[in-house]
Amino acid sequence: MHFQEILIKKRDGKALGRKEIQAFVHGYTLGTIPDYQASSFLMASFLNGLSIEETVWLTEAMLHSGTVVDLSEVRAAKVDKHSTGGVGDKTSLIIAPICAAVGVPVPMISGRGLGHTGGTLDKLEAIPGFNVNLGLDDYKKLVREIGCCLIGQTSEIAPADKRLYALRDVTCTVENKSLISASIMSKKLAEGIDALVLDVKTGSGAFMKSELEAEELARLMMSIGQKMGKRITSLITDMNQPLGSHVGNALEVIESVDILKGEAQPEQQDLLELSLLLAAHMIILGGKTENVEEAVEMAKQSINDGTAFLKLKEIVNEQGGDSSALDEPTRLPGADECHLVKAGKSGYIENLDALLIGKGSVYLGAGRITLDSPIDPGVGIIVRKKVGDSVKKGESVLEVRFNDELKLQDCLEYLDKAISIAEEPVPALQLVKKTITHLD
Ligand code: URA
């Protein structure tokens, strides 16, 4: 079968068969289909859509592009969490150690920055020495021995997603329910988990702009996961403004450490609240309790008694990282310069556009513009005010940490439009819109 024939079919809006989808995934993973043809396939799928059947076949083909890990040697229920992508969304760095500290093993395969959103792998790599490319044996050993391992897609596990994810990032083919579902579920189903919590974002900085689309995406992923025998809870959560206060790789590590040390600032309360809730749903799926309030208390306790932070340090050490950098943030990559974006008038923050702040941070160097763009782990944006906060004319709303003046100018083109201030009080944004624990 010539791949051009498959491309023509998809370009013309026709449905593909299972074998044709397998041929695409297999060929691209092996390198016999070049990037330019894969890009064309992705764009045709993005524009013409994939049916539910095509989405399931794509997920299956991507899942079986590598090993489906067997973690049955770990007796406890293994539970992971995945977010559909946000700005300042660093909950994985917080909840993985919390759950592992509470006794729920977390095998986690994450991604890099995607579009204007940040990625867990890029954040972890801001910690000197941290290795996200462990092999299968080390992955299993760490889940067994310390209850957590944080890696990326490898040549062994979810290799198709490793390549397609990077290509989608730079070909503007991210915001599509089928492509997102196949990407997320192929990784998650390969991990060896029993259950999963999905954090499906909605709002300006999310790939799903409306709550309805976010719910459709959640239900699509849940139906794929449930067919494979996984228990899944989805939370639909707000992504109209950045989550927490820090956006950028090393900055997000610093903020995660603050949260795990119990030192959350007022502008970080949404991050703390969501992290506790996501961890609580993982704890429930892990069988530790059936009650959300009790699970939240267990998560809080692991912060208060220091075990969650100690667990993060253990994970960092075991994965080759320098855990002392978590105690001394000056040892993490940084930025030489700081630019303040100030309020143009007094009033109340009405909008802090997550999409524009995310794009600004990518152009600053925190994300990729081409497949081989280098990341600058030290740059980013600190949010000093959140939606609903009062602000005085001239007060700082955003702090931009940068290393390159030209990149700062690119970034400011976005940030200058990101803030709006109202004269009348503005209510805070609703963080959690919906929780879905089972499909009808
Ligand atoms: N997270 C993923 O792993 N894949 C996507 O496509 C979007 C978010």
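This is a predicted model: local features need pLDDT of at least 70, side-chain atom pairs count only at pLDDT 80 or more; totals for chains, interfaces and linings use all residues.

Reader: About how much space lies in the largest cavity, and which residues lie nearest its centre?

Author: The largest cavity holds about 290 Å³ of space. Its lining is made of 27 residues, and His82, Ser83, Thr84, Gly85 and Tyr165 lie nearest the centre. Strand E1 (79-83) and helices H5 (91-102), H6 (120-124), H8 (159-171) and H9 (177-190) are the elements that each give two or more residues to that lining.

Reader: Which element gives the most to that lining, and what is the lining like by class?

Author: H9 gives the most, with four residues. Sorted by class, the lining of the largest cavity has 14 polar, seven charged and six nonpolar residues.

Reader: Now the ligand. Which residues are around the ligand?

Author: Look for His82, Ser83, Thr84, Leu114, Tyr165, Arg168, Ile180, Ser183, Ile184 and Lys187. For polar contacts, check the distances between N or O atoms, with 3.5 Å as the cut-off. A side-chain N or O atom of His82 is 3.0 Å from an oxygen atom of the ligand. Arg168 has a polar side-chain atom 2.8 Å from a ligand oxygen atom, while Ser183 places a polar side-chain atom 2.7 Å from a ligand nitrogen atom.

Reader: How much of the ligand's accessible area does the protein cover?

Author: On its own the ligand has 240 Å² of accessible area, and the protein covers 97% of that.

Reader: Okay, what about the second largest cavity: which residues lie nearest its centre?

Author: That one has about 120 Å³ of space. Of the 21 residues that line the second largest cavity, His116, Thr117, Gly118, Ser361 and Ala366 lie nearest its centre. Helix H11 (249-260) and helix H16 (354-366) each supply at least two lining residues, and H16 has the largest share, four residues. By class, this lining counts 13 polar, five nonpolar and three charged residues.

Reader: And where does the second largest cavity lie relative to the domains?

Author: To place a cavity, ask which domains its lining comes from. The domain assignment gives domain 1 (3-49), domain 2 (79-329) and domain 3 (334-422). Domain 2 and domain 3 both give residues to the lining of the second largest cavity, so this cavity lies between them.

Reader: How far apart are the centres of domain 1 and domain 3?

Author: Taken over C-alpha atoms, those two centres are separated by 37 Å.

Methods. Residues are numbered from 1 along each chain as its sequence is written. Side-chain values use heavy atoms; hydrogens and water are left out. Domain bounds come from an automatic or database domain assignment. On a 1 Å grid over the protein atoms alone, a cavity is a set of points where a 1.4 Å probe fits but cannot get out, and a pocket is an open set with protein on both sides within 12 Å along at least five of seven lines; lining residues have an atom within 4 Å of a point. Grid points are joined across faces, edges and corners, and a volume is the space filled by probe spheres set on the points. Ala, Val, Leu, Ile, Met, Phe, Trp, Tyr, Cys and Pro count as nonpolar, Asp, Glu, Lys and Arg as charged, and the others, Gly among them, as polar. A residue is near a molecule or strand if one of its heavy atoms lies within 4 Å of it. A polar contact is a pair of N or O atoms within 3.5 Å; within protein, one must be able to donate a hydrogen and the other to accept it, and residues adjacent in sequence count only if both atoms are side-chain atoms. Accessible areas come from the Shrake-Rupley method with a 1.4 Å probe; for residues, only the protein chains shown count as cover.
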